[in-house]
Amino acid sequence: MAKVGRVGMADRDTAWESEGLLEQFSRLSTAPEEDGERTEESSSLLNADCGGVGLLYLSDEVLLGILELLDPVSLLRLGSTCSALFRVCSCGSLWVRHFQDSFGVGLPNGTASSTVLAKTAFRLVFMWRTLFRNIHCNHSLQEKLFAEVPFPPRVYWSQWLVLEERVPLPSALLLCSDVEKLWGIPRELFREKLEDKSEECETLKFEWRELYKLALSHHGSAAMVFQYVLTQHQDNDHSELGSMYHQYMQCRFQWLFTYWLFRQPAPFNRQLRAIFLQWRKHSKKKVAMWGETLCDVRYLASLHPITTDYWRGHLAQGDENVGIHTVENYFSMCKSLVAWILGRDWGKLKRRKVYEDTLEGVYMLLKREMQETLVEHERFWQVAKVQMSRVCALEETAANYVNWKMIETLPYYKLYLVSGSAVYLEHVKGFLRRKRMVHNWIFLEENAWLRQLLPDELYTLLEYDTKIAQDALHGSSLTAQLSRLIWLYLHSGQQLYLETVKSMVLQCAHAHLSYLTANALSQSIFEPPVA
């Protein structure tokens with residue numbers, strides 16, 4: 001039953017978490033706003049220019065037929081618009097269906113007949129299940145559940161544990177009266193345990209799974225166990241559960257990422273650290289605190305685009321559990337990629353460059369897919385192999401590492417990584433060819449005087465291995481003007497831009513020559529005659 005519930009949560013509640021469940025839950029247990037202006041405004045919007053056939057003019061039966069098609073988030077949003085729709089959206093039959101879909105357990109008919117109880121049941125069980133399925137990274141909940149070991153937690157939390165078949169707690173010492181009250185199990189079902197004890201004592205040792213099976217046997221079904229627990233909880237104050245849920249929703253990505261990064265078994269932990277930092281620029285000072293209390297986990301998350309996205313809740317539509325599995329599969333692919341690259345007879349620089357560019361291509365190609373759903377290791381590795389072949393094609397085109405670093409900023413470079421189109425590879429080749437032409441022109445023997453007269457900042461732009469940064473294209477300085485002309489020629493191949501570059505270089509050289517000549521003449525005029 002617990003497994004079914006977890007699967008249902010992963011499938012149905014992904015959208016819930018990405019839409020800010022805390023606000024939505026506040027609407028489950030409260031009446032709609034009694035603000036007359038808002039109700040009137042919402043009603044007018046729903047029925048404007050409809051001639052009496054707007055949504056609010058439909059009968060409850062027709063509305064229910066429409067609302068059955070809505071997911072929980074849409075149902076809550078619609079119910080928050082006005083009191084009339086709040087009433088219809090609170091219909092118990094709608095929430096009983098969502099309860100079944102989300103937790104794999106149907107509520108008994110008695111619950112369905114109570115509107116508030118059906119919604120409240122969904123709200124409470126959803127919050128509890130969200131917290132419980134991530135107990136491994138939730139220290140606050142761990143403190144609540146483990147505080148009294150070997151005795152069970154306090155009654156409120158023990159009542160919730162009744163719903164779970166698998167409880168990560170050691171065997172508990174329980175009074176027979178507590179077992180009867182919390183699980184609803186009559187004494188007759190565990191009489192054998194009482195008879196086996198040599199001394200008269202009302203305290204027995206139970207495994208949690210044993211208690212769950214006894215409760216299931218006594219109540220007859222998982223649905224009746226849920227009904228019993230919810231009945232027990234109906235008069236309880238659930239503010240602590242709501243507060244812990246709020247804390248979890250605020251911190252869930254950070255908690256799960258931290259747990260995944262630092263709580264691996266010893267050999268896997270070392271492997272993960274090595275792969276996580278492989279050929280990645282990082283602060284040695286911050287990495288030295290790896291796994292310690294003062295470790296800057298946010299900084300570590302910022303080292304990779306995919307972990308940055310997970311930290312911000314951008315993976316798998318905001319589902320923290322699906323998202324962390326995608327992250328895990330990504331670094332599993334990285335491990336395979338590193339092993340493959342280290343097996344090649346390449347230099348250190350080439351290995352690093354192939355690795356970095358391959359990962360960049362994988363991220364660009366799968367970014368949208370990762371935002372929507374789980375991406376498996378096989379999918380990552382399939383894309384990585386394709387990207388690596390494209391990176392190697394670009395490396396062959398560049399011919400050497402200097403050229404390779406120069407073309408990495410070209411838009412065609414990334415376009416080729418993503419598409420693999422030969423058109424973009426030809427653009428890269430054309431860029432390198434034109435860059436060589438500019439370099440060859442300035443180094444012609446007849447242009448030796450130009451090289452002598454040009455200022456260093458202008459002469460550097462004409463060298464073959466010089467990158468033109470985007471920031472250098474702005475401004476009115478000679479450097480910016482020449483950078484723009486060269487950039488236009490390199491990317492377009494228009495001969496007009498090359499002729500303009502040559503003309504501007506000649507003008508600058510002549511201007512500098514005129515300046516030097518005038519300066520020399522002025523010095524000779526004012527120089528005192530030799531005695």
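This is a predicted model: local features need pLDDT of at least 70, side-chain atom pairs count only at pLDDT 80 or more; totals for chains, interfaces and linings use all residues.
**Entry 1: the core**

I began with the largest nonpolar core, which holds 152 residues. I wanted to know which of them touch the most other members, and the list came back as Trp-160, Phe-257, Leu-300, Phe-331 and Met-333. Helix 17, residues 239–262, gives this core its largest share, 12 residues.

I then picked Trp-160 and looked up its contacts, leaving out residues up to four places away in sequence. Its partners are Leu-124, Val-125 and Trp-128, then Val-229, His-233, His-238 and Leu-241.

**Entry 2: helix 17 against helix 22**

Next I followed helix 17 to helix 22. Their axes lie 10 Å apart, at an angle of about 25 degrees. I noted the pair as roughly parallel, because the angle is under 35 degrees. The crossing is right-handed.

Which residues meet here? On the helix 17 side I found Tyr-248, Arg-252, Phe-253, Leu-256, Phe-257 and Trp-260. Facing them in helix 22 are Glu-320, Asn-321, Ile-324, Val-327, Glu-328 and Phe-331.

**Entry 3: helix 22 against helix 24**

Helix 22 (residues 320–342) also packs with helix 24 (residues 377–398), so I looked up that pair as well; the axes come within 9 Å and cross at roughly 40 degrees. That angle makes helix 22 oblique to helix 24. This crossing, too, is right-handed.

From helix 22 I listed Thr-326, Asn-329, Tyr-330, Ser-332, Met-333, Ser-336, Leu-337, Trp-340 and Ile-341. They meet His-377, Phe-380, Trp-381, Ala-384 and Met-388 in helix 24.

**Entry 4: cysteines**

How many disulfides are there? The count comes to 0. Cys-137 has 4% relative accessibility, so it counts as buried, the cut-off being under 20%. Cys-176 is buried as well, with a relative accessible area of 0%.

**Entry 5: Arg-451**

My last stop was Arg-451, in helix 28, residues 448–453. Its relative accessibility is 24%, so I put it down as partly exposed. Setting aside neighbours within four places in sequence, Arg-451 is in contact with Ile-442, Phe-443, Leu-444 and Tyr-459. I also took the C-alpha to C-alpha distance from Arg-451 to Leu-462: 9.9 Å, with the two 11 residues apart in sequence.

Note on methods. Residues are numbered from 1 along each chain as its sequence is written. Side-chain values use heavy atoms; hydrogens and water are left out. A nonpolar core is a set of buried Ala, Val, Leu, Ile, Met, Phe, Trp, Tyr and Cys residues joined through side-chain atoms within 4.5 Å. Buried means under 20% relative accessible area, exposed over 50%, partly exposed in between (1.4 Å probe, protein chains only). Helices (H or I, at least four residues) and strands (E, at least two) are DSSP runs, numbered from the N terminus. Contact means heavy atoms within 4.5 Å. A disulfide is a pair of cysteine sulfur atoms within 2.5 Å. Axes are lines fitted to C-alpha atoms, for helices over the stretch in contact, and angles run from 0 to 180 degrees between N-to-C directions. Angles under 35 degrees count as roughly parallel, over 145 as roughly antiparallel, 65 to 115 as roughly perpendicular and the rest as oblique. A crossing is left-handed if the near helix is turned anticlockwise from the far one by less than a right angle, and right-handed if clockwise.
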